[in-house]
Amino acid sequence: MKHIYVLIGSGLLLLMASCAKDKTNFDLKPKEQITVTGLESSYTTISQKDHLTIDPTVTSTEPDANFDYLWGIYETNVQGAAPILDTIGRTKKLDYLVQQASKGWVLVFRVTNKKTKYAQYFTSAINVVTQFTRGWYVAKDDGSQADMDLFLTPVSLVPDSKVENVYSVVNGGKLNGKAQLLTYFTSYKSTVTGVLSNTKALFLTTDKDVSAMNMNTLKQIRNINTLFYQPPATAAPDAVFLGSSANYLVNDGQCYSIYAMSANSGQFGVRKMKDDANTPYHLSRYFLTSTSTDPYFFDDMSSSFLMGTATGAVMTAVTDDAVTAMPAQNNNKKMIYMGFKTTTYVASEYASYVNGYAIFQDKANPSLKILSQLNPNKTKMSMVNDTLKTTDKIFNATNYALLDGDENLIYFVTGNQVWSRNLSNKFEQLQFTAPAGEVITFIRHKKYTETGYTHNYVLIGTKLGDSYKVRMFIKSSGSLASSPEITLEGKGIVRDVMYMSPSVSEYTYSNSY
Amino acid sequence: MKTLKYVLIVIAVIAVASCKKDQYYLFNDTARIQFGPDATRIYTASYNLADTLKPFTFYYELPSVTEDTVFFDIYAIGGVSKTDRGFTLKQEQVPNVSNAVAGTHYVAFTDPRVSKFYTIKAGTVHTSVPVIVLRDPSLKTNTVLLKLNVVSDGNFQLGEKSNLWRKVQLTDRLSQPASWNASFSQYYFGKYSTVKHAFMIQATGQKWDESFISVTSADYALLQYYIGVVKTALIDYNKNNPGNPLRDESGELVVIP
């Protein structure tokens with residue numbers, strides 16, 4: 001019993017000793033706040049030419065603050081390596097000759113109050129550019145060889161000068177074939193910087209070759225012979241474009257892809273099979289995608305829709321959705337045109353849905369042409385058909401352009417005229433008549449938003465003799481203005497036009513013919 | 001109550017007595033020798049038992065090639081020495097398998113052609129152990145196993161038990177490379193068979209040997225490309241041989257998942 005008393009006594013002593021008076025001080029000062037003014041949210045500079053000269057004003061909520069400064073810069077959009085902060089200044093005023101490669105960087109300004117040791121970071125986006133990273137690019141050819149013209153736009157969308165045949169000037173020769181499509185990738189993998197990394201690459205596709213160019217220099221990175229692990233036997237490219245999680249290339253009607261969500265060498269893989277029996281197929285040159293959806297193709301051999309997938313060697317056969325006007329498989333049609341209209345993100349599904357239109361011609365009855373609204377739903381598709389009358393202007397059209405979003409219209413070329421057709425009420429309206437002798441070779445809708453460079457144009461390219469004109473029209477409720485806002489002129493036949501700026505990304509424009 | 005007290009005391013004594021320090025070898029212990037992973041992997045615990053078995057085949061070599069060398073990594077423990085220190089290897093006969101025969105399937109460890117390399121040089125603790133394997137005609141139809149052990153000698157005592165041996169699986173037929181492991185089967189090419197292996201070689205023009213698989217496995221995009229090439233070739237083969245699809249040596253259908 002005595003032992004128990006001793007034990008209990010010892011326990012109580014320990015308990016008492018463990019009590020301590022709470023001396024916590026709740027009279028806390030508010031957190032110090034350092035404020036910097038005079039630091040812009042972004043700067044655009046030319047490497048080896050421009051100085052970053054910034055002299056910000058720095059204040060603190062702490063009286064008598066004494067600051068220490070550090071300026072640093074690091075690379076963005078890096079894959080496969082950790083970006084390193086390079087110190088470029090230790091005084092409040094920065095005067096730094098930009099030497100970084102042309103791409104996106106982040107400027108970091110660290111301010112430390114030496115008295116309190118409190119530090120705060122401020123950042124600013126730095127776009128390092130070259131003369132090639134801003135302007136209108138025109139893809140053109142002379143009937144057998146392709147090139148590009150670059151219209152420089154240093155102060156506004158209206159060009160102040162032109163670099164003619166810029167592709168051949170830089171690369172020492174033209175690209176074989178007729179120009180077809182310009183597409184842009186900001187995460188294309190190459191070793192142009194010395195290590196395998198994301199590269200801003202402009203792709204010019206012709207009917208005989210593809211040139212992947214470093215956007216900063218326009219030097220060719222790869223062509224049709226080096227874009228693949230195993231080059232295809234026939235070089236007949238149809239398109240190169242970005243789909244969800246993958247880059248796609250269609251050559252000679254066969255589909256190839258690069259899975260973009262893992263390390264890759266920038267080379268396209270094996271030809272995708274149509275099905276598990278490797279049934280022969282030949283895709284139409286037209287495709288339907290947004291950058292956040294898998295692309296839809298049309299196999300002209302079987303008259304069937306197929307869906308490309310980022311990985312895997314086999315494409316997916318598209319089946320019919322609940323209500324559809326025409327089967328997605330074996331519908332006995334030939335595709336005349338297909339293009340992108342809209343994309344819709346459904347937050348509850350974390351998924352995007354693309355929507356487009358196509359024009360079909362019946363294989364058995366060529367006088368049967370159908371304008372179809374395409375509503376893909378993952379591996380299913382529903383179509384809403386508008387059977388065209390032979391008297392409709394669009395029936396004999398030769399060139400088409402869907403509006404990217406915007407009004408529910410399709411523009412088309414018939415003869416030397418551009419017409420529009422209302423996709424809701426089928427109303428057709430003359431929009432533009434090319435001057436006598438001019439042949440319309442190209443029509444496309446392009447829109448882009450950037451302070452000072454925002455535009456929403458319907459571009460119409462024409463050819464007269466060996467010269468071209470690209471007229472850029474604004475539209476109002478779908479009707480083109482009576483005269484173009486900008487006109488580009490040069491030599492050759494224009495096939496595509498793209499406005500390029502350091503802010504353009506692979507998600508900026510809809511990928512579509 | 002007294003009994004309970006005794007029981008408690010006995011349990012306490014047993015508990016204390018059961019504590020025993022693990023017998024790790026110390027780095028300042030006597031000189032010991034043991035195999036180990038590649039020198040770049042010695043601090044990666046998951047590689048502690050890597051390279052215990054190295055399959056080797058002469059299948060890919062030209063007929064004029066009659067011998068080749070398989071290398072293992074060996075480490076001295078207990079610090080460096082100012083003088084070279086030889087170590088001793090000995091073959092162990094493994095029951096129920098065809099054991100390699102010295103002079104027929106490999107150059108004996110006592111042969112000066114190789115024994116001169118079985119030395120930890122002064123000032124170092126690591127060396128590569130060459131095992132010269134011989135292309136005996138019997139290997140065209142047979143696979144033999146060479147198990148080699150380090151044995152204690154005047155220079156070295158034995159190291160950790162699990163690292164005292166290595167094995168070479170030797171043949172002149174197509175055999176499963178070590179890098180065609182469980183995950184390579186599960187995620188890429190499926191179950192191994194020599195028929196599938198030979199088909200892959202024929203379809204791609206690549207060796208699909210240890211070195212090729214190791215390099216290709218590190219490049220997902222390239223691996224996907226080859227999977228596509230083999231898959232396409234297999235479908236085409238089966239289409240061109242109706243009713244007689246490609247089957248492996250066990251009669252199972254060859255499948256690329």
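User: Which elements of chain B have the lowest and the highest confidence?

Analyst: Confidence here is pLDDT, the predictor's confidence in each residue, from 0 to 100. In chain B, helix H1 (residues 2–18) has the lowest mean, 69. Strand E5 (residues 88–92) of chain B has the highest, 97. Helices (H or I, at least four residues) and strands (E, at least two) are DSSP runs, numbered from the N terminus. Chain B as a whole averages a pLDDT of 90, and 92% of its residues score at least 70. For the complex, the predictor gives an ipTM of 0.75 and a pTM of 0.77.

User: What are the ground rules for this model?

Analyst: This is a predicted model: local features need pLDDT of at least 70, side-chain atom pairs count only at pLDDT 80 or more, and totals for chains, interfaces and linings use all residues. Residues are numbered from 1 along each chain as its sequence is written, while chains are lettered from A and ligands numbered from 1 in the order in which they are written.

User: Why is chain A called more spread out than a compact globule?

Analyst: The radius of gyration, taken over C-alpha atoms, is set against the globule rule, 2.2 Å times the number of residues to the power 0.38. For 513 residues the rule gives 24 Å; chain A has 30 Å, well over that, so chain A is more spread out than a compact globule. Its C-alpha atoms fill a box of roughly 110 × 70 × 45 Å along the principal axes. Chain A holds two helices and 40 strands.

User: What makes E7 and E9 of chain B edge strands?

Analyst: Two strands pair if DSSP finds at least two bridges between them. The open sheet has four strands in the order E7-E3-E1-E9 (chain B), with mixed pairing. Strand E7 (126–134) and strand E9 (157–158) of chain B each pair on one side only, and these are the edges.

User: How do you know that E3 and E7 of chain B pair?

Analyst: The cut-off is at least two bridges. Nine bridges join strand E3 (residues 67–77) of chain B to E7(B), and the two run antiparallel.

User: What makes up the contact of chains A and B?

Analyst: Residues are in contact if their C-beta atoms, placed from the backbone, lie within 7 Å. Chain B gives 13 residues and chain A gives 15. The chain B side divides into seven nonpolar (Ala, Val, Leu, Ile, Met, Phe, Trp, Tyr, Cys, Pro), three charged (Asp, Glu, Lys, Arg) and three polar (the others, Gly among them).

Conventions:
Contact = placed C-beta atoms within 7 Å.
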